[in-house]
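Here are my notes on the model you sent. Please read them with the coordinates open.

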Amino acid sequence: MFYNQTRPHQALDGQTPDQVYYDNLTTRQLMNWQKLSKQAEPPLVVDRQSEFRVIGDEDKYSGIFMAVFMNLLVFGFFFWTIWRLQCGVDCLAPDMILYNNTGGEIIIFLGNDEPTVVEEGLMARVPQPMAYAFWRRKYHKSFRIRTKNRSWSYDVVEPPSNYEQRGSSRNEYRYQIEADGSIHLLAPDSEFPVRKLPPQPSGFPWIPQFSR
C-alpha cells in the first residue's frame, strides 16, 4: 500500500532501460557519446615487408633446393640409361660356369653368398670370384670348394678377356674342376665335360692353396 496511492517510477512504464538512459542524458553527454561512436578503430598495422622477407627467404631456399635435387635426379637417370644402353651386359661382372668333374658332390663357397651344391657331372652358375666394385674397381672374393672329405681354397686370377663368352643377361667364363681340385679355364665354345684339357693361360689352372 502506497501513501500517495501511486506506484513509484510509474512514469517509466512502457520504456526499455536503454530508452530511459538515453532519454535522460544531458545534451553534452549525448554529444560526447555520438562523437566517440563515430570514431573508427585504429587500423591494425602489420609489417608486411618483414613478414614477406622471412617467408620469402624460406620459400626461396626451399625452391632452389628442390630444383637442384630434381635436376640431379633427372640427369642421373638420363646418364644411367645411356650408360646401360652403351654397355649392356658388358658393364656387369661376368658369371662363372663351373662343371663338376671331381667324381663326387662339391659345395661352392663364394664370399658371403649362400653355398651352392653341385652334383657330379653337372654344372653351376655362380658369380665370378673376380668381382667389381664402384667404377669397375676389381677385388677378390674368398673362394672355397668342399667335397665329402676335402676342403680347397683358391687365389683367383682374372681370366683373359678372349675367354669371355657373351650371355643373354651376363657374360660368362667356363671352368672345369678336376678330382685333384684344379680348376681349368675353358674356351667359350667348349662343351662339358672336356676330356682333353686345353693349354692354360698364365695363372691357370687354379691350384688349391689349402686342402685337408
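1. β9 and β10 form a hairpin, and 5 residues lie between them. In the turn, G181 has a positive phi of about 90°. Strands here are DSSP runs of E, at least two residues long, numbered from the N terminus. The model is predicted: local features need pLDDT of at least 70, side-chain atom pairs count only at pLDDT 80 or more, and totals for chains, interfaces and linings use all residues. Numbering starts from 1 along each chain as its sequence is written, and side-chain values use heavy atoms, with hydrogens and water left out.

2. Strand β9 covers residues 172-177 and pairs with β10 in the antiparallel sense over 4 bridges. Two strands count as paired if DSSP finds at least two bridges between them. Y175 stands opposite L185 in β10. R174 stands opposite L186 in β10.

3. Which way do the β10 side chains point? I183 and L185 point one way, H184 and L186 the other way, and all are buried. Buried means under 20% relative accessible area, exposed means over 50%, and partly exposed is in between (1.4 Å probe, protein chains only).

4. Check Q128, in the loop between β4 and β5 (130-132). Q128 has 3% relative accessibility and therefore counts as buried. What does its side chain meet in a polar contact? The partner is the side chain of Y175, at 2.7 Å. A polar contact is a pair of N or O atoms within 3.5 Å; within protein, one must be able to donate a hydrogen and the other to accept it, and residues adjacent in sequence count only if both atoms are side-chain atoms. Leaving aside neighbours within four places in sequence, Q128 is in contact (heavy atoms within 4.5 Å) with P94, D95, M96, P159, Y173 and Y175.

5. R144 lies in strand β7 (residues 143-146). R144 counts as partly exposed because its relative accessibility is 32%. Not counting residues up to four places away in sequence, R144 touches I107, I108, F109, S151, W152 and S153. The C-alpha atoms of R144 and F210 are separated by 9.4 Å, with the two residues 66 apart along the chain.
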